[in-house]
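Where does this protein leave open space, and what surrounds it?

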Amino acid sequence: MSEHISVDIQDKVQILRLNRPDRKNAISQAMYAALADAIQNAENDGNIRCTLITGSEECFTAGNDLSDFAAGPVGDFESSPVGRFLFGLASAETPVVAAVNGPAVGIGTTMLLHCDLVFAGNNTAFQMPFANLGLCPEGGSSLLLPTWLGRVRAAELLMLGGVFDAPKASEMGLINRVCEPADTEAQALQACRQLAAQPPAAIRATRRLLNRGCASGLRDAMLAEGEQFGERLKSPEAGEAFKAFMEKRKPDFSSFS
Ligand code: COA
């Protein structure tokens with residue numbers, strides 16, 4: 001349970017809403033735990049045929065709560081709240097749709113790699129600034145992005161960590177449709193209802209088969225990323241990046257070797 005995640009089940013569609021507007025929907029440990037529980041719940045509840053993950057018309061998520069990052073890694077990655085969310089999302093058989101507007105930072109972009117359909121507003125700002133923060137890729141992005149987009153495009157997104165918009169994400173094949181922000185959620189919900197009306201076992205088999213090509217490599221990649229990420233969180237580079245964010249200044253990495 002988290003006050004910042006609302007869970008609503010309507011017509012066999014589970015709607016998970018990130019709702020922490022004063023922190024740009026940054027995801028805390030409690031929020032990851034609530035998301036992981038809900039993803040698992042959809043697997044166990046035959047009445048849920050599809051999950052929608054969304055935020056608001058202005059903001060999807062600013063990614064991991066940076067004060068949690070600054071506090072350092074929390075034990076075993078796979079069983080941590082973020083690990084349970086990512087592994088659960090990647091291996092879920094119930095289809096997942098995302099409706100995204102505004103900032104979609106870090107895990108706000110990488111979680112989309114595990115969604116079946118993604119609708120994004122033309123105000124969406126995708127970004128994976130892991131290296132910029134002294135960190136490394138997560139969410140299977142170090143495997144999925146080069147596989148899907150090609151090595152140099154993946155390196156550009158993960159090493160330079162710049163912002164890209166919805167038309168660019170669409171051109172790269174990361175999202176299905178660019179929407180007016182006021183319409184993103186409605187379009188995604190319509191797709192959820194379509195999915196919920198499809199034969200459920202056929203949809204689960206399709207999702208399993210779509211994921212099959214990367215499934216075993218993905219688990220390995222996510223474990224390696226989790227290990228490296230935990231190390232990076234303790235690094236002086238990350239320390240400088242987090243301090244700079246809190247102090248609202250640019251980080252200075254010039255003294256690191
Ligand atoms: N963790 C914790 N707090 C966060 C946060 C995060 N990831 N992202 C934003 N916030 C907080 C800000 O510190 C600010 O708090 P304040 O009002 O006490 O100063 C508040 O949310 C609003 O954010 P602000 O930066 O003023 O909003 P903005 O519209 O100017 O910019 C973002 C939005 C998302 C571009 C910007 O907040 C940002 O870059 N956040 C960090 C994203 C990030 O690096 N995430 C980790 C990825 S691995």
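At least two lining residues of the second largest pocket come from each of α3, β6 (117–121), α5 (141–149) and α9. Helices (H or I, at least four residues) and strands (E, at least two) are DSSP runs, numbered from the N terminus. The model is predicted: local features need pLDDT of at least 70, side-chain atom pairs count only at pLDDT 80 or more, and totals for chains, interfaces and linings use all residues. Residues are numbered from 1 along each chain as its sequence is written, and side-chain values use heavy atoms, with hydrogens and water left out.

A pocket is an open set of points on a 1 Å grid over the protein atoms alone, where a 1.4 Å probe fits, with protein on both sides within 12 Å along at least five of seven lines; lining residues have an atom within 4 Å of a point.

Stay with the second largest pocket. It holds about 740 Å³ of space. Its lining has 32 residues, and Leu113, His114, Asp116, Arg207 and Asn211 lie nearest the centre. α9 gives the largest share, 12 residues.

Now turn to the largest pocket, with about 1,100 Å³ of space. It is lined by 47 residues; Asn64, Asp65, Leu66, Phe69 and Leu133 are the closest to its centre. Elements giving two or more residues to this lining include α1 (29–44), α2 (66–70) and α10 (236–246). Which element supplies the largest share of the lining of the largest pocket? Here too the answer is α9, with 5 residues.

Note on methods: Points joined across faces, edges and corners; volume = space filled by probe spheres on them.
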